[in-house]
Amino acid sequence: MNPGENKTEMSVIENIKKIVVDVFEIDDQELTPKGDFVDEYDADSLAALELLSRIDRELNVKIPENVIPEINCLDDLIAAYRQAETPK
């Protein structure tokens, strides 16, 4: 991976973090890679749909709704983003 790709990857992750913080209305210091969206941040299905919608709008990547049950934390969301971003 060249330095340009690494910077782009980091900015995508930062953008995903900002979206999560905004949707869940939490402080960015509260967000951890493994923090459970439901148990720790009181997320519900509406918040999950808003997350996917914002990622679609702001990052131009559509994560399928059927993966919502698999997205429990920031790491899961980033993995789902990467999966959706990868051409099949």
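Guide: Helices (H or I, at least four residues) and strands (E, at least two) are runs assigned by DSSP and numbered from the N terminus. This is a predicted model, in which local features need pLDDT of at least 70 and side-chain atom pairs count only at pLDDT 80 or more, while totals for chains, interfaces and linings use all residues. Residues are numbered from 1 along each chain as its sequence is written, and side-chain values use heavy atoms, with hydrogens and water left out.

Visitor: In which helix does V20 lie?

Guide: The residue number can be compared with the range of a helix, and residues 3-24 make up the one that holds V20. The helix in question is α1.

Visitor: Is V20 buried or exposed?

Guide: Buried means under 20% relative accessible area, exposed over 50% and partly exposed in between, with a 1.4 Å probe and protein chains only. The relative accessibility of V20 is 0%, and V20 therefore counts as buried.

Visitor: With which residues is V20 in contact, leaving aside its neighbours within four places in sequence?

Guide: Contact means heavy atoms within 4.5 Å. One of the partners is L74, which is 54 residues from V20 in sequence and yet 8.0 Å from V20 in space, C-alpha to C-alpha. With the neighbours within four places set aside, the partners of V20 are E25, L31, F37, L51, L74 and L77.

Visitor: Is the pair of F24 and F37 stacked or edge-to-face?

Guide: Rings of Phe, Tyr and Trp (its six-membered ring) pair if their centres lie within 6.5 Å, and planes under 30 degrees apart count as stacked, over 60 as edge-to-face and the rest as tilted. A search of the whole structure finds three aromatic pairs. For F24 and F37 the ring centres are 4.9 Å apart and the planes stand at 70°, so this pair is edge-to-face.

Visitor: How many residues apart in sequence are the parts that the pair of F24 and F37 ties together?

Guide: F24 lies in helix α1, whereas F37 lies in the loop between α1 and α2, so the pair ties together parts whose separation in sequence is 13 residues.
F37 is buried, with a relative accessible area of 4%, and F24 is buried too, at 10%. The separation asked for is thus 13 residues.

Visitor: Is the pair of F24 and Y41 stacked or edge-to-face?

Guide: The rings of F24 and Y41 have their centres 6.2 Å apart. Their planes are at 20°, so the pair is stacked.

Visitor: Is D42 buried or exposed?

Guide: D42 is found in the loop between α1 and α2, and D42 has a positive phi of about 55° although it is not a glycine. The relative accessibility of D42 is 66%, so D42 counts as exposed.

Visitor: Where is the place of N60?

Guide: N60 has a positive phi of about 60° although it is not a glycine, and N60 is exposed, with a relative accessible area of 67%. The place of N60 is in the loop between α2 and α3 (74-85).
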